[in-house]
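Open the model in your viewer and keep the selection tool at hand. The stops below say what to select and what is there.

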Amino acid sequence: MSEMSKIVRSISNLLLPFILIYGFYIILHGHLTPGGGFQGGAVVASGLVMVLVAYGSERFASWVKEKHLSVLESIGALGFISLAFLGLSTAFFYNFLAGKGGLFGDIPPEGSNPGALNTAGTLPLMNLAVGLKVIAGLASIVLVMGLASHYFKQGGENDT
Amino acid sequence: MDLLSLVHIILPLLIVVAAGFAVLLRDLISCTIALAAMSLLLSLEFYILHAPDVAIAEAGVGACITTAIIILAISMTKREEDER
């Protein structure tokens with residue numbers, strides 16, 4: 001897919017930081033508000049896809065390699081499953097960080113409250129892992145499809 | 001009749017109208033935009049049905065990523081649908 005006009009590219013440049021911040025907000029507040037790893041990851045990936053459509057898949061592929069996205073996806077999956085295994089001394093998927101203090105270890109206040117971010121133990125970390133996997137997976141799907149359309153437009157000659 | 005039940009009637013009708021446009025239009029890019037509009041209205045419907053989780057997922061995946069994938073697929077073929 002070729003590059004779009006300068007108006008589209010400027011608007012996508014302008015919108016990208018807000019979309020990324022909103023997506024990471026949804027991922028990080030997954031244990032407090034609606035949303036979580038998958039939803040926030042889909043929002044961030046849609047921001048990346050907007051840049052891909054605006055700039056064309058070849059230029060986007062020169063910034064973000066499909067191999068690196070694959071590595072990020074594996075890091076997300078391995079982080080999720082290793083967090084599950086780290087609590088194995090009690091049970092699989094045991095929340096070993098909750099209520100211990102430290103990282104995400106505060107005990108949430110009772111009654112109605114605006115939501116304390118530093119709570120819920122391993123859940124925010126698992127949301128981050130799932131979000132990383134979803135970002136890398138959805139972005140690499142669209143990137144590979146864009147590169148394939150470029151490849152077939154060239155007549156399938158050049159090797160990418 | 002309060003406002004919310006009115007919205008509950010109007011929004012499904014708008015979804016059906018957008019889906020009809022997606023089927024009936026000849027230009028495939030316009031069909032894709034109609035499909036994205038349908039997805040966005042569907043996410044609004046999920047939100048007023050108290051499913052904000054599903055609404056965010058629908059807005060992210062349905063309205064943006066499938067649109068991009070379909071536009072990439074159209075760029076590999078023709079833009080206009082064949083006349084029957």
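**Before selecting**

This is a predicted model, in which local features need pLDDT of at least 70 and side-chain atom pairs count only at pLDDT 80 or more, while totals for chains, interfaces and linings use all residues. Residues are numbered from 1 along each chain as its sequence is written, and chains are lettered from A and ligands numbered from 1 in the order in which they are written.

**Stop 1: chain B**

Select chain B. Its elements run α-α-α from the N terminus, giving 3 helices and 0 strands. Helices (H or I, at least four residues) and strands (E, at least two) are DSSP runs, numbered from the N terminus. The C-alpha trace of chain B spans about 45 × 25 × 10 Å along its principal axes. Of the 84 residues of chain B, 24% count as buried. A residue is buried if 20 or more other C-beta atoms lie within 10 Å of its own, exposed if 12 or fewer, and partly exposed in between, with C-beta atoms placed from the backbone.

**Stop 2: helix H3 of chain B**

Select residues 52-76 of chain B, which form helix H3. How far apart are the end C-alpha atoms of H3(B)? They are 35 Å apart, which agrees with the 36 Å that 25 residues should span at 1.5 Å a residue; the expected span is 1.5 Å times one less than the number of residues. H3(B) bends by about 30 degrees at B:Glu58, the bend being the angle between axes fitted to the seven residues ending there and the seven starting there. B:Glu58 is also one of the buried residues of H3(B), which include B:Ala57, B:Cys64 and B:Leu72. What covers the buried residues of H3(B) includes H1, H2 and H5 (122-153) of chain A, together with H2 (28-48) of chain B.

**Stop 3: where the chains meet**

Show both chains. The contact takes 18 residues from chain A and 14 residues from chain B, where two residues are in contact if their C-beta atoms, placed from the backbone, lie within 7 Å. On the side of chain B that touches chain A, the residues divide into 11 nonpolar, 2 polar and 1 charged. Ala, Val, Leu, Ile, Met, Phe, Trp, Tyr, Cys and Pro count as nonpolar, Asp, Glu, Lys and Arg as charged, and the others, Gly among them, as polar.

**Stop 4: helices H1 and H2 of chain A**

Select residues 6-28 (H1) and 37-55 (H2) of chain A; these helices pack at an angle of about 170 degrees, with their axes 8 Å apart. H1(A) and H2(A) are therefore roughly antiparallel to each other, a term for angles over 145 degrees. Among the residues making the contact are A:Leu16 and A:Phe24 of H1(A), and A:Gly40 and A:Met50 of H2(A). The residues of this contact divide into 15 nonpolar, 7 polar and 1 charged.

**Stop 5: two loop residues**

Select A:Phe93, in the loop between H4 and H5 of chain A. A:Phe93 has a positive phi of about 65 degrees although it is not a glycine. A:Phe93 is partly exposed, with 15 other C-beta atoms within 10 Å.

Then select B:His50, in the loop between H2 and H3 of chain B. Phi of B:His50 is near 65 degrees, a positive value in a residue other than glycine. Is B:His50 buried or exposed? B:His50 is exposed, with 9 other C-beta atoms within 10 Å.

Terms used:
Axes fitted to C-alpha atoms, helices over the stretch in contact; angles between N-to-C directions. Parallel < 35°, antiparallel > 145°, perpendicular 65-115°, else oblique.
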